[in-house]
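Let's take a walk through this model together, from the overall fold down to single residues. Have the viewer open and follow along.

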Amino acid sequence: MNVFDIIGPVMIGPSSSHTAGAARIGYIARQLLQARPVAARIVLYGSFAKTYKGHGTDKALIAGILGMEPDDARLRFSPRIAAEEGLAVTLETAEDTDLHPNTAVITLTDEQGSAMTVRGASIGGGNIVIDAINGMPVRISGQHPSLIVQHRDRPGVIAEVTDLLADRGVNICNFSLSRRQKGGEAVMTIEMDGGLDEALADRVRALPDVTLCVTLLP
């Protein structure tokens, strides 16, 4: 446990879970899209759905989608800023008892019509977990530099990616893999202690079986 687990995150808003965590979920969704979003569909579940107005969860999510950090003083004005920047936002609530009570599902669409759907949960103290991207299970804490690598499920692909990281002296602290079916589409998520930059990501993107590689920075 570190001091931030005790005193909580630096933030705007009344709740580390419902405000700071929500902003971080939106911020990661924006990074994963890799483009300026023009439309955002947000679905809130559980406690998020019941208390979002009082805690400003909707404003925090929108702020994150706009690229704001949890301590950005503009957070409370994010719906107005979104409208000024041409971001159309729709907000819905739903129920699913299988999900964490502080869950949001965000679908972002860019100017070219490309979309990315991200599911994340705020698990306390401003900490989050992203557990699905475009319906594929993942596990991203947002606390470490990360690579999200979509690839063909073929022998040797994981080794090719991890060898590139090893060549750069990068230490992997968390790794997860999911796939829809054997030999089909797969996604590996790699959290590391440091050393991630676009040059390394470009080397991963150049691998023949990699179809998408996204970098996430905390």
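Predicted model: local features only at pLDDT ≥ 70, side-chain atom pairs only at ≥ 80, totals over all residues.

Residues are numbered from 1 along each chain as its sequence is written, and side-chain values use heavy atoms, with hydrogens and water left out.

Now for the fold. The chain has seven helices and 10 strands (DSSP runs, H or I of at least four residues for helices and E of at least two for strands, numbered from the N terminus). Its radius of gyration is 17 Å, close to the 17 Å that the globule rule gives for 218 residues, so the chain is as compact as a globular protein of that length. That radius is taken over C-alpha atoms, and the rule is 2.2 Å times the number of residues to the power 0.38. Of the 218 residues, 47% count as buried, meaning under 20% relative accessible area with a 1.4 Å probe, protein chains only.

Next, look inside. The largest nonpolar core has 39 residues, and among those touching the most other members are Leu-32, Leu-61 and Ile-106. Such a core is a set of buried Ala, Val, Leu, Ile, Met, Phe, Trp, Tyr and Cys residues joined through side-chain atoms within 4.5 Å. Helix α2 (residues 16-33) gives the largest share of this core, seven residues. A second, separate core of 17 residues includes Val-157, Leu-164, Ile-190 and Met-192.

Helix α4 (residues 57-65) is mostly covered, with eight of its nine residues buried. Leu-61 and Ile-65 are among the buried ones, and Ile-106 touches both of them (contact means heavy atoms within 4.5 Å). After α4 comes Gly-67, with a positive phi near 95°.

Finally, visit Ile-128 in strand β5 (residues 127-133). Ile-128 is buried, at a relative accessible area of 2%. Its contacts include Gly-21, Arg-24, Ile-25 and Ile-28, as well as Ile-140.

How values were computed: Buried < 20%, exposed > 50% of the residue type's maximum accessible area, 1.4 Å probe, protein only. Lists of a residue's contacts leave out its neighbours within four places in sequence.
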